[in-house]
Amino acid sequence: MTRCLKATAVFVTLLFAGLPAAANAQPGPEHKKLDYLVGKWKVELEIKATGTTPASKASGTEECEWFANLHIVCRGEATGAAGLYKNMRTISYVPALKQYASYSVDSLGYAVLTMGAIDGGAVLPGRTVTR
């Protein structure tokens, strides 16, 4: 086990040592469009009924900040009838696809990757963003 960790550490060190300093990505105009998401938000959720759960509501906050001037990282908590709900997500612009990506994980065990465009104040279709 120790040998494996040492070999991994050496590989990672060599990998990053070989990268030129100019290889760091620089934010572009597409990244600047994400700036309005930075801050603390009030969150109100309406959960639709399914075959196994009744409809409910929850409310809380989400705080978003820049990471490396390229990504937005958000952490949120909401409380409702089912108790405390936590989530974390990253929002990024993917230049190779010319789309925005949102990756979310939550305390219910869900992990969701969504791709889309910024459209009318929403990062992804179906989401309304208001402060």
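Some conventions to begin with. Residues are numbered from 1 along each chain as its sequence is written, and side-chain values use heavy atoms, with hydrogens and water left out. Since the model is predicted, local features need pLDDT of at least 70 and side-chain atom pairs count only at pLDDT 80 or more, while totals for chains, interfaces and linings use all residues.

I start with the sheet. Six strands form an open sheet in the order E1-E2-E3-E4-E5-E6, with antiparallel pairing. Strand E1, residues 39-47, and strand E6 stand at the edges with a single partner strand each, so one side of each is left without a neighbour in the sheet. From one strand to the next, the twist averages 20 degrees. On terms: strands here are DSSP runs of E with at least two residues, helices are runs of H or I with at least four, and both are numbered from the N terminus. Two strands count as paired if DSSP finds at least two bridges between them. For angles, axes are lines fitted to C-alpha atoms, for helices over the stretch in contact, and the angle runs from 0 to 180 degrees between N-to-C directions.

Now the end of the sheet with E4, E5 and E6. E4 and E5 run antiparallel and are joined by eight bridges. Val-94 stands opposite Gln-99 in E5. E5, residues 99-106, then pairs with E6, residues 111-116, over six bridges, again in the antiparallel sense. Ala-101 has Met-115 in E6 as its bridge partner. The hairpin of E5 and E6 has four residues between the strands, and in it Gly-109 takes a positive phi near 100 degrees.

Next, the disulfide. With a disulfide defined as a pair of cysteine sulfur atoms within 2.5 Å, the count comes to one. Which cysteines form it? They are Cys-64 and Cys-74, with sulfur atoms 2.2 Å apart. The torsion about their S-S bond is about 115 degrees, so the disulfide is right-handed. Cys-64 lies in strand E2 and Cys-74 in strand E3, residues 71-80, so the pair ties together parts that are ten residues apart in sequence. Cys-64 is buried at 4% relative accessibility, and Cys-74 is buried at 0%. Buried means under 20% relative accessible area, exposed means over 50%, and partly exposed is in between, using a 1.4 Å probe and protein chains only.

Last, the salt bridges. The criterion is a side-chain nitrogen of Lys or Arg within 4 Å of a carboxyl oxygen of Asp or Glu. How many does the structure hold? There are three salt bridges.

One joins Arg-89 and Glu-62, with the closest N and O atoms 2.8 Å apart. Arg-89 lies in strand E4, residues 83-94, and Glu-62 in strand E2, residues 56-67, so this pair ties together parts that are 27 residues apart in sequence. Both Arg-89 and Glu-62 are buried.

Another is formed by Lys-42 and Glu-44, at 3.2 Å between the closest N and O atoms. Lys-42 is exposed at 63% relative accessibility, and Glu-44 is exposed at 59%.

The remaining one is between Lys-86 and Glu-77, at 3.7 Å from N to O. Here Lys-86 is partly exposed, with a relative accessible area of 41%, and Glu-77 is partly exposed with 40%.
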